[in-house]
Amino acid sequence: MISLWSFLIHTLLFATWGATFAPTNVRAMPPPPPVQCAQTGSGCTLSNSYGVWGDREDCRVPTVLYPTTEEELLLAVADAVKNNLKVKATTKFSHTIPKLACPSTQPAGNSILISTENYNSQIVVDRSKMAVTADSGVGLRALIEAVEAEGLSLVAAPYWEGVSVGGLISTGAHGSSWWGKGGAVHDHVTGISLVVPASGSQGYAKILRLGEKDPCFDAARVSLGLLGVISKVTFSLEQGFKRSITYSFTNDVGIEDKYAEHAKDHEFADITWYPSKHEAVYRIDDRVPLNTSGDGVNDFLGFQSTSILVSKSTRATEKALDNARNVDGKCAMASSFISYKKLIANGLKNNNLIFTGYPVVGRQGKMQTSGSCLYSPALRIDVSCAWDPRINGLFFYESTAIFPAQKFANFILDVKRLRDLKPENFCGADIYNGFLIRFIKASNAYLGQPEDSVVVDINYYRADEASTPRLNQDVWEEVEQMAFFKHGAKPHWAKNRIVAFSDVGKKYPNFQKFIAAKKKLDPMSMFSSEWSDEILFRKGVPLSVELGHPVLDPMYQETPHPKFSEAMESCPKEDIPNRKDMKEENLCLRTEAYASRGYVAVAIDSRYQGERASSMTTYREALVSSWRKGDTMPFVFDTVWDLIKLADYLTQREDIDPSKIGITGESLGGMHAWFAAAADTRYEVAVPIIGVQGFQWAIDHDKWQSRVDSIKDVFEEARVDLGKSVIDKEVVENVWDRIAPGLASQFDSPYTIPIIAPRPLLILNGEKDPRCPLEGLEIPKSRASKVYEEAHCPDKFKLIAQPGIRHELTTFMVKEASDWFDRFLN
């Protein structure tokens with residue numbers, strides 16, 4: 001039940017937004033420049049338009065250059081090459097979320113930043129060739145207006161016009177269309193001028209004029225700033241035309257079957273999906289002749305000038321609801337905003353004034369993109385773009401996944417299944433723009449989409465502090481994992497958190513061609529950085545590897561002491577010297593046992609365990625701290641992250657076949673193996689032992705006691721904090737949600753066991769294990785069996801419950817695990 005306070009706040013905001021977005025010519029104070037330099041001459045800081053990079057760390061550069069001509073740009077690059085400096089280019093807008101424009105993590109003296117803010121004077125329209133050529137610093141709005149003034153139109157453009165010509169094509173910006181050349185702007189590019197390094201005899205830099213037949217052209221069309229600095233871009237044009245737009249608000253029934261036909265039926269179609277409301281908005285958007293009546297404009301609501309008071313109040317309300325875990329409040333907020341969008345057609349205006357009814361018809365230049373909050377004198381300080389970092393306004397993540405068209409339906413179905421568990425969990429995205437679904441056509445650009453694709457944009461709340469848990473963060477992480485890992489979606493190059501770029505090179509068939517072009521044009525990697533390497537190759541995060549040592553005097557953190565050594569008798573094929581002298585909990589026993597079978601065997605200490613523990617209570621203290629502060633996830637997830645980094649290390653070793661990595665573990669280690677395999681496809685074979693259970697099933701069927709008893713201190717702490725006399729299911733649910741968000745919902749076994757398919761998976765449990773009740777695995781077993789059947793590999797999935805066995809590792813389990821690895825890794 002939403003509180004009266006929340007209701008009044010939402011009503012107030014709704015009314016205020018209505019007043020703010022009434023027909024007016026209000027303009028906002030322009031966004032701040034992305035480059036800020038200290039007056040003391042101690043260097044500069046580069047930010048993006050949101051004011052915060054993904055890692056929340058500043059990008060510091062010692063020198064920033066502002067060329068105004070192509071000649072000055074050439075000299076800037078030449079000087080960098082001569083002095084062996086790292087180089088990156090930025091724009092007036094800096095609208096990229098990843099840190100691609102940051103030249104180095106080292107701020108002192110080894111890099112320069114080139115800003116194209118002042119390189120924006122030339123726009124040449126050639127009617128005979130139906131083309132326009134512009135300096136890379138020219139803004140998109142200036143380009144469109146110059147083209148429209150000649151009676152022509154630029155067909156493709158992103159929805160947000162706060163981008164430059166160079167930035168526009170560097171990261172694959174797009175609108176929405178499967179028609180003609182498609183919605184991606186780079187597919188309408190016919191020429192690129194690129195400033196690249198050269199030899200000393202050539203002046204250290206040169207300008208390449210790349211046309212469509214040039215072998216490097218398809219690399220340069222989406223270059224990520226890694227090949228050189230874009231100087232000029234030529235776009236193809238068409239005769240001027242108008243567009244007619246109607247928004248059709250309906251339910252989301254059958255959206256998984258309708259999206260493709262919608263894109264085929266309407267040239268500039270898109271769909272906005274509000275999952276929590278079971279609502280879909282189909283954009284019926286087609287070109288019409290110039291003589292069609294109408295002088296409409298697309299002034300998208302989210303890009304309009306917004307009262308700073310409203311932006312701050314909206315953020316404060318959303319933050320308060322998030323901190324209070326008030327899902328109902330967020331849903332009321334979403335309902336208000338969606339209703340208002342429907343009322344004003346999301347910013348469409350007939351005759352450039354107000355919305356009076358559908359269809360809204362206007363010139364292509366006024367309908368294809370928007371961003372009115374960008375333009376105004378700096379004196380107007382009461383309104384701004386809603387996310388302006390100076391005002392503490394909207395602050396959000398933006399995740400964009402790009403699916404092969406034929407795979408998108410299954411993603412929608414998965415999201416619907418997740419939504420149907422608890423629809424209100426999706427209100428956080430519906431406050432913004434729900435799931436914005438757009439369409440782009442297959443491209444020959446090496447880093448473009450190799451097939452007709454569907455693009456989904458999702459915005460959701462971002463906390464002020466990185467350590468602050470977010471309401472329903474497990475939902476958004478599950479959606480992202482389904483998109484990027486289960487369904488193989490590609491990330492938008494200019495958006496997303498770093499996790500979305502995992503194995504990104506494997507998703508582009510022409511990725512190696514792009515790398516070859518980079519080596520040719522930038523042989524010294526001047527235009528590479530730690531950030532670009534992290535995105536492309538996962539090289540950016542340092543990995544520390546320390547050799548472990550035998551534990552001669554084990555310090556047990558649980559009672560009674562586990563007894564796993566006898567079980568390992570069944571594993572070795574060869575004798576291990578001095579094996580009998582090993583302590584029973586020494587990890588060397590298990591790793592050497594597998595090593596004797598011909599494997600490279602690695603074992604890591606779990607967080608807060610082994611050499612990573614300082615006392616007998618380290619693990620318990622970490623669990624209690626997680627409950628109190630919510631800043632760590634010691635139960636499972638922290639160690640799963642370590643296992644993902646372990647996969648980074650293993651795949652870099654020359655003595656390891658990266659396609660043949662298996663993972664196993666028992667008890668808590670079994671959970672680690674389960675979730676690591678679900679999160680990282682590099683673990684090709686998984687054998688979790690006495691670790692897989694149904695967490696929500698245990699809560700629903702009152703079978704949670706044994707698992708709780710294994711880490712009881714944290715549940716006792718929660719019981720006291722929640723004012724309970726005994727630990728009950730409410731306490732259990734609260735603890736799981738706090739210390740391992742999603743463990744009893746989106747990440748539970750019914751959802752994460754099936755996504756391991758089609759990789760080989762053997763689950764080994766005891767029939768009478770009270771921590772992992774067998775009955776709780778019926779649903780995940782059934783779902784996984786179905787998925788493996790559909791993948792035509794039912795023999796790759798097996799669940800064995802050893803009769804009469806409780807929570808213990810047996811020789812039978814070890815033998816079954818060893819045989820499973822021999823079968824699928826050899």
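1. Basis. The model is predicted, so local features need pLDDT of at least 70 and side-chain atom pairs count only at pLDDT 80 or more, whereas totals for chains, interfaces and linings use all residues. Residues are numbered from 1 along each chain as its sequence is written, and side-chain values use heavy atoms, with hydrogens and water left out.

2. Three strands make an open, antiparallel sheet in the order 1-2-3; strands are DSSP runs of E with at least two residues, helices are runs of H or I with at least four, and both are numbered from the N terminus. Two strands pair if DSSP finds at least two bridges between them. Strand 1 (35-37) and strand 3 (59-61) are the edges, each pairing on one side only. Strand 1 and strand 2 (residues 44-46) are joined by 3 bridges, and C37 has C44 of strand 2 as its bridge partner.

3. Helix 21. In this helix (residues 712-721), V714, F715, A718 and R719 are buried, that is, under 20% relative accessible area, against over 50% for exposed and in between for partly exposed (1.4 Å probe, protein chains only). These residues fall within an arc of 140° seen down the helix axis, so they line one face of helix 21; the arc is that of the directions from the helix axis to the C-beta atoms. They pack against helix 16 (618-629), helix 20 (705-710) and helix 22 (729-739).

4. Disulfides. The structure contains 4 disulfides, each a pair of cysteine sulfur atoms within 2.5 Å. In one of them, the sulfur atoms of C59 and C102 lie 2.2 Å apart. Both C59 and C102 are buried.

5. Two further disulfides. C331 is joined to C427 with an S to S distance of 2.0 Å. The torsion about their S-S bond is about 90°, so this disulfide is right-handed. C331 lies in helix 8 (residues 327-343) and C427 in helix 11 (residues 427-430), 96 residues apart. C373 and C385 also form a disulfide, with sulfur atoms 2.0 Å apart. C373 is buried at a relative accessible area of 0%, and C385 is buried at 2%.

Note on methods
Contact means heavy atoms within 4.5 Å.
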